[in-house]
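Welcome! Please take a moment with the sequence and the 3D view before reading on.

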Amino acid sequence: MNNLLVAENIIKKYGDFTALNNVSIEVPKGSIFGLLGPNGAGKTTLIRIINQITMPDKGLVTLDGEKLHADHIKNIGYLPEERGLYKSMKVGEQALYLAQLKGLTKAQARERLKYWFDKFGIGDWWNKKVQELSKGMAQKIQFIVTVLHQPKLLIFDEPFSGFDPINANLIKDEILQLRDEGATIIFATHRMESVEELCDHIALIHESNKILDGKLIDIKRAYKSNIYEVGLLTENKAETENYLKEKFELSEATFKTINDEVKFNIKIDNGQSANQLISHLTTKGQLTHFVEVIPSVNDIFIQTVQNN
Amino acid sequence: MNHLSLITKREYLNKVKNKSFIIMTFLSPLIMVALFALIAYLTQLNNDKVRIISVLDESSLFASEFKSTESTKYDILTSVTLEDAKKIVQESENYGLLYIPKADSIEAIADKIKFYSEESPSLIVMEKIEARIEDKARNIKLKNSGLDPELIDALNVRINTNLETFDGEKTSKLGGGLKLAFGGAAGYLLFMFIIIYGNMIMRSVIEEKTSRIIEVIISSVKPIQLLLGKIFGTSLAGITQFLIWIVIGGVLMAVVSAVFGINMSEGQMAQQEMMNQVSNNAAMQNEVDLVIQEMWNLPLVNLMIMFILFFIGGYLLYGSLYAAIGAAVDSETDTQQFMMPLLMPLMLAIYVGFFTVIENPHGTVSQVFSYIPFTSPVVMLMRIPFGVPIWQQLLSVAILFGTFFLTVIFAAKIYRVGILMYGKKPSYKELVKWLKY
């Protein structure tokens, strides 16, 4: 059993509106799975189905090979995008309540909360009322409450919104550590750049359809454009450009260098190899910059959406 | 089930620990009692001044009837003209001047009796004066026609028809009023409770929506559990508040009546005086006994048990609908359009209760409304003191709880869709659509 969570052919309609059209995803154990898509694509609907907040019209969701049932709630931790806390309750009281709803006993919850509060250095917040906390502070509490019951599957919907860069980093490190400790993480966002460093698997959802999924590295390979950034110190710039133009497809490059190089983005054909390009380049001058252009998730996303 | 008790506990504690709840709970009986005390005090103050009413009786038939009491003094004027009398009264700033002229017949006198005063006199004062003149006039006329007024009094028979059902249960006309008071109080209490605590449930649902905690919660528990926990927790808080009110109210009332004790005993004196007046027949005394007896004759245990059952049923029924409304809207200001259809049956129940049930507790309308679940808690409670067969009561309760299970399913559907719906101002059409999701 390699996949912790499998959703097969999920269909969900709200009246005439189809929120999810035959969407399937497979989330491998121990992975960070990026669920990507613009606002309103259907990410949140899919997440709500996994959390059993809404029921799919058709399709099957299994967790660890078992059809989803009420007891699985204990194995899932969910940090929704629309998140909040009871304003008039005290922080500690509220955290205890939410933890108990997830099936922890009061003693267990208290012990683990103490650990996390110490870890984040917020032990003195216990008796504060939520309305006294800033948004970022409240988000920390919400994060703690989400992970407190040590679920197998963690679902974070836009976890970094509302955090300043320092705290966003703190949360990111925590997420990575949780993954290392064995948790599987679904990470939903429409901000593609945050996906790059965290996710190893992604699925793209666009207008209720899944348009792409797989291992991030495989997807990047499939979408690579065979373009290389090249920086070359040369005597005769014009001559070099003409020489290269005959053999390769050139375009203007924008990367930064410290010398007065000529800069190109060079695309090689399928028949050619990078070494061939290098040997051509070295005859014309000194090679200072040679990098394969790896498509960003953002590029891939835009490209895929346009192709559909 | 564990979740349900957790939620109920949180809702309860959250309500009870709320500052405004505490203030409301402990302050409102104080305010109520203070208000009563103030009214009592002001009334006393108002009647403080001894009224002096001058009487100029030219006919000399009535003057003897006006005997001074503690609050009203009669100053009988003799051998002055009306004009002089007016002047005297005006100068002495007396309350007013009653002028009874001399005439041939009682009727002619009655037509010409006048009351002069600076300001329009109090109705109560006038009624007292009129009653005295009427009594005397009647007695004079009786004598003139050769009848002995005392004989007439002795001939009066007080009738208080003793009613008895075929089951042998004795009641009386007087008991009817008592039944009405008990039933009405029970029905009205229920009505108030539903409105106050229904609103509380609604606000609590809206609060969860606006604070956006709702999605966190329902990823852990089923919406129906949250809904039920909310209803149970809030109703427990409500019951707590009522109990505290009853205790505080009782204590304070005792204190206040001790402070204003003189007032109370005065009232009793007045009663005794009245009873003495009719002491030649003991009917009044009998009636007091009868009231006490009637109270014990009332199906008190039945009423109490049914009050609790209808209380729970009616509250749950309306509470679930209030919660559905809370889920459907984003803020309290949007609730108006949905509140109307909810309040209507309640108002109807109160009106039917206070008009139709009084008229005929077992009439068709009263019967029908005591089965319709949206009105039955109030109407049936008002009917019960008049004797409703147990099977009818149980049927009504069964219908009520049956409907509760239907409405809670209906409410839960709207609830589970509504709580995750932001920014939409829902119409009824929209709500119907939600039911199908």
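This is a predicted model: local features need pLDDT of at least 70, side-chain atom pairs count only at pLDDT 80 or more; totals for chains, interfaces and linings use all residues.

Residues are numbered from 1 along each chain as its sequence is written, and chains are lettered from A and ligands numbered from 1 in the order in which they are written.

**Chain A as a whole**

| Property of chain A | Value |
|---|---|
| Radius of gyration | 24 Å |
| Box filled by C-alpha atoms, along the principal axes | roughly 75 × 45 × 35 Å |
| Distance between the centres of domain 1 and domain 2, over C-alpha atoms | 41 Å |

For a compact globule of 308 residues, the radius of gyration would be near 19 Å; that rule is 2.2 Å times the number of residues to the power 0.38, and the radius is taken over C-alpha atoms. Domain 1 of chain A covers 3–84 + 148–221, and domain 2 covers 226–292; such bounds come from an automatic or database domain assignment.

Chain A holds 10 helices and 14 strands, which are DSSP runs numbered from the N terminus (helices: H or I, at least four residues; strands: E, at least two). Of its 308 residues, 37% are buried, meaning that 20 or more other C-beta atoms, placed from the backbone, lie within 10 Å of the residue's own.

Helix H1 of chain A (residues 43–50) is mostly covered, with eight of its eight residues buried. Among them are A:Lys43, A:Arg48 and A:Ile50. Just after this helix, A:Gln52 takes a positive phi of about 60 degrees.

**Where the chains meet**

How many residues of chain B are in contact with chain A? There are 16, and they meet 19 residues of chain A; a contact needs C-beta atoms, placed from the backbone, within 7 Å. On the chain B side, helix H1 (2–17) and helix H8 (214–218) each supply at least two residues.

**The nonpolar cores**

A nonpolar core is a set of buried Ala, Val, Leu, Ile, Met, Phe, Trp, Tyr and Cys residues joined through C-beta atoms within 7 Å. The largest one has 133 residues, and A:Ile155, B:Ala323 and B:Leu381 have the most contacts inside it. Helix H12 of chain B (residues 300–328) gives the most to this core, with 15 residues. Leaving aside residues up to four places away in sequence, B:Leu381 touches several residues, including B:Gly183, B:Leu190, B:Met306 and B:Phe310.

Key: A residue is buried if 20 or more other C-beta atoms lie within 10 Å of its own, exposed if 12 or fewer, and partly exposed in between; C-beta atoms are placed from the backbone. Two residues are in contact if their C-beta atoms, placed from the backbone, lie within 7 Å.
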